[in-house]
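I opened this model with my notebook beside me and jotted down what I looked up. Here are the entries, in the order I made them.

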Amino acid sequence: MAQRGGFSSRLGFVLAAAGSAVGLGNIWKFPFEVGQGGGAAFVAMYVLFCFILAFPVMVTEIAIGRKTQLNAAGAYTALGFKKWRIVGILGIACGTLILSYYNVVAGWAFGYFVEIITGNFDIGNQFGAFTKDVLTVGGYATVFMLTTTFIVSRGVSGGIEKAAKILMPSLIAMILGLVIYAMTLPNAMKGVEFYLVPDFSKINLSVIRSALGQAFFSLSLGMGAIITYGSYVNKNENIVASAAFITLADVGIAFLAGLMLFPFVFSQGLDTNGGPGLIFITLPGVFESLGGNLGVIIGGAFFLLLSFAALTSTISLLEVPVSYVVDEYKIQRKKAVWIIALIIFVIGLPSLMANGYSESLTKFITYVGADSPTDFMTFIGHIANDTFLPLGGILITIFAAYVWKKENLNKELEAGYPNFKGSFAEKYVDLGVRIICPLILSILLIMSVLETFFG
Ligand code: PFF
């Protein structure tokens, strides 16, 4: 255990896990999904999914990790169910895939920070040219991956925890400042209205699938990241309370991100349906309209916020395969970190080229019934986030309820929470893990996959 390292305090764990959860998913993806999915109707569904479907999975993942003090695959073996290891391996593979493209978008965020603080507001109009320029975006992606790798190589308490303790409070301060500022803009309330008044006619299966995928992706669930972080937590911590805090922090920051973004968008009379480009295409013009220095400060703060949020998530994504290799193959941590990061960077090259540079990767696949093709990076995102993460959630809850068994899960949850037995939390988690998650997740997943691939 001493060699594996661990979080030095409860705050350290909670901040690191909240850092994993809060990321591009909250600030980049959530607002554009809201824009495409009918505003508040999507928000309502996402919040519901987070608390009803995702929260029990989060509790279970932390419990499995802490019980075994092992990585996402080794944990199943340690509990005596070697066959279930495959769920962990699948999760590790999924995390690797997510990091490979996530780092590309993180590189864009960091690149935009550099462009905006040097006064280049026109970058919004050049988004296509920017993402197409593989050398430039590749450079930014390299810087991002190197930073992530450096932090992870310093270990759990000396790297991951320390970074979270600096990055998370700065992130919260920046987002609060930006929300307050956004509220003062003309037409801000129109944006708030779009964001908070639901139009339920916009909801269809693919919107439901996105909201579900978003809940899992946003909370870093279904692939073992939280099992891995849970494995560095000590026995006297209250898992249920920590999971509740992490979920609230994640939903809260996503909520604030929308509250900041839609007033920005409406203040300029822009389209909310901007998709993945919503932030990168729309916002620089908004910042420019603020005028000179103010635009540089507000715009710089925004893209720095986005970069910080992404960094605490890339750290957790990298830690998943790293802890697997360190635990299972006894490879020295530093060495493992650098080799794995290099491999993931290489796996990410097609995603880097799928945004204009390579025609075939940019127009990779056309879904049944869609009128335009989807690029390779978005395609990978759909498979990993919207399919494999909920699938991981189904398998993890089935495992905990019916294989490892509820009594054992409860025993682990009682450590650090002596009054757990008989509490509302026990009933809530129990119902979620045994019935609601496996059942509802399966139905939603099957229906939405059928719709996506067969129209
Ligand atoms: N939760 C992160 C976000 O919302 O950006 C993404 C993520 C991180 C997903 C870590 C999965 C994971 F294991």
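**Entry 1: Asp-250.** I started at Asp-250, which I found in helix H12; helices here are DSSP runs of H or I of at least four residues, strands are runs of E of at least two, and both are numbered from the N terminus. The model is predicted, so local features need pLDDT of at least 70, side-chain atom pairs count only at pLDDT 80 or more, and totals for chains, interfaces and linings use all residues. Residue numbers start from 1 along each chain as its sequence is written.

Is Asp-250 buried or exposed? I noted that Asp-250 is buried, because 27 other C-beta atoms lie within 10 Å. The cut-offs are 20 or more such atoms within 10 Å for buried, 12 or fewer for exposed, and partly exposed in between, with C-beta atoms placed from the backbone.

Next I listed what Asp-250 touches, leaving out residues up to four places away in sequence: Ala-18, Ala-21, Val-22, Asn-26, Ser-218 and Leu-219. Contact means that the C-beta atoms, placed from the backbone, lie within 7 Å. With Ala-21, the C-alpha to C-alpha distance is 6.0 Å, across 229 residues of sequence.

**Entry 2: the ligand shell.** I counted 16 residues around the ligand, and the closest are Gly-23, Gly-25, Ser-220, Ala-225 and Ser-313. A residue belongs here if its C-beta atom, placed from the backbone, lies within 6 Å of the molecule. Helices H1 (10-21), H2, H5, H10 (205-218) and H14 each give two or more residues to this shell. I sorted the shell into seven nonpolar, nine polar and no charged residues. Nonpolar covers Ala, Val, Leu, Ile, Met, Phe, Trp, Tyr, Cys and Pro; charged covers Asp, Glu, Lys and Arg; the others, Gly among them, are polar.

**Entry 3: helix H13.** I found a kink of about 35° at Leu-283 in H13, shortly before the proline Pro-284. The bend is the angle between axes fitted to the seven residues ending at a position and the seven starting there. The buried residues of H13 include Phe-280, Leu-283, Pro-284 and Phe-287. Among the elements covering the buried residues of H13 are helix H2 (24-36), helix H5 (85-117) and helix H14 (292-329). Just after H13, I saw that Gly-291 takes a positive phi of about 90°.

**Entry 4: the whole chain.** The protein chain has 19 helices and zero strands. Of its 455 residues, 53% count as buried. The C-alpha atoms fill a box of roughly 60 × 50 × 40 Å along the principal axes.

Note on methods:
Two residues are in contact if their C-beta atoms, placed from the backbone, lie within 7 Å.
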